[in-house]
Amino acid sequence: MEGQSALLRQKAVVAVLCLQILFFAICSTVILRKLSTQTACCVDEKSERYRSVRIYSGESLWEISSRYYSDDYHSMELYIERIMRLNHLTDVTIMAGEYLLIPYYEE
């Protein structure tokens, strides 16, 4: 009897140890995967910035936009639409002496 009882206790201890190791392995994998995803995301991610730009005589919205445009905006048309929304413009008409809020991505 005593031998069987000791054997059962030993098997229970081994089972508990195996479960703890399995739990630790799963938790470690989840944590490492989450950290690697966050790191990869943040390393490649650029942040959008804003600059106030004075409009000079003869400048067009297209000309000013082309100075700050990057492929992050996908197309010049979408970029100009973004600038128009930021500056509450209803069309592309701009006036010398005024300022525009221009978004751009920091390199």
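Predicted model: local features only at pLDDT ≥ 70, side-chain atom pairs only at ≥ 80, totals over all residues.

Colleague: Is Ser-75 buried or exposed?

Modeller: Ser-75 lies in the loop between α2 and α3. Buried means under 20% relative accessible area. The relative accessible area of Ser-75 is 18%, and the residue is therefore buried.

Colleague: Which backbone nitrogen lies 3.1 Å from a polar atom of the side chain of Ser-75?

Modeller: A polar contact requires a pair of N or O atoms within 3.5 Å. The side chain of Ser-75 has a polar atom 3.1 Å from the backbone nitrogen of Leu-78.

Colleague: How are the axes of α2 and α3 oriented relative to each other?

Modeller: Helix α2 spans residues 61–68 and helix α3 spans residues 76–86. Their axes come within 10 Å and cross at roughly 105 degrees. Angles of 65 to 115 degrees count as roughly perpendicular. The two helices, α2 and α3, are therefore roughly perpendicular to each other.

Colleague: Which residues make this contact, and how many of them are charged?

Modeller: From α2 the contact draws on Leu-61, Trp-62, Ser-65, Ser-66 and Tyr-68. From α3 it draws on Met-76, Glu-77, Tyr-79, Ile-80, Ile-83 and Met-84. By class, the contact of α2 with α3 has eight nonpolar residues and two polar ones, and the number of charged residues is one.

Colleague: Within what arc do the buried residues of α3 fall?

Modeller: The buried residues in α3 are Met-76, Tyr-79, Ile-80, Ile-83 and Met-84. Viewed down the axis of α3, these buried residues line one face of the helix, because they fall within an arc of 140 degrees.

Colleague: What covers the buried residues of α3?

Modeller: Among the buried residues of α3 are Ile-80 and Ile-83. The elements that cover the buried residues of α3 include α2 and β2 (99–105).

Colleague: Within what arc do the buried residues of α2 fall, and against what do they pack?

Modeller: In α2, the residues Leu-61, Ile-64, Ser-65 and Tyr-68 are buried. Seen down the axis of α2, they fall within an arc of 100 degrees, so they line one face of the helix. The elements against which the buried residues of α2 pack are β1, α3 and β2.

Colleague: Which residues are in contact with Met-84, leaving aside its neighbours within four places in sequence?

Modeller: Met-84 lies in helix α3 and counts as buried at 15% relative accessibility. Met-84 and Leu-61 are 23 residues apart in sequence, and their C-alpha atoms are 9.0 Å apart in space. With neighbours within four places set aside, the residues in contact with Met-84 are Leu-61, Leu-89, Thr-90, Asp-91 and Val-92.

Colleague: Which residues does Asn-87 touch, not counting residues up to four places away in sequence?

Modeller: Asn-87 is in the loop between α3 and β2. At 17% relative accessibility, Asn-87 counts as buried. Not counting residues up to four places away in sequence, Asn-87 touches Tyr-99, Leu-100 and Leu-101.

Colleague: What phi does His-74 have?

Modeller: His-74 belongs to the loop between α2 and α3 and, with 69% relative accessibility, counts as exposed. His-74 is not a glycine, yet its phi is positive, at about 75 degrees.

Colleague: Which residues are in contact with Gly-97, leaving aside its neighbours within four places in sequence?

Modeller: Gly-97 is found in the loop between α3 and β2. Its relative accessible area is 34%, and Gly-97 is partly exposed. The C-alpha atoms of Gly-97 and Tyr-56 are 41 residues apart along the chain and separated by 6.1 Å. Leaving aside neighbours within four places in sequence, Gly-97 is in contact with Arg-54 and Ile-55.

Colleague: Finally, what separates the C-alpha atoms of Ser-57 and Val-13?

Modeller: Ser-57 lies in the loop between β1 (48–54) and α2, and at 69% relative accessibility Ser-57 counts as exposed. Ser-57 and Val-13 are 44 residues apart along the chain, and their C-alpha atoms are separated by 83 Å.

Methods: Residues numbered from 1 in each chain as written. Heavy atoms only, no water. Axes fitted to C-alpha atoms, helices over the stretch in contact; angles between N-to-C directions. Helix = DSSP H or I, 4+ residues; strand = E, 2+ residues; numbered from the N terminus. Parallel < 35°, antiparallel > 145°, perpendicular 65-115°, else oblique. Contact = heavy atoms within 4.5 Å. Nonpolar A, V, L, I, M, F, W, Y, C, P; charged D, E, K, R; others polar. Buried < 20%, exposed > 50% of the residue type's maximum accessible area, 1.4 Å probe, protein only. Polar contact = N/O pair within 3.5 Å; in protein donor to acceptor, adjacent residues only side chain to side chain. Arc of directions from axis to C-beta.
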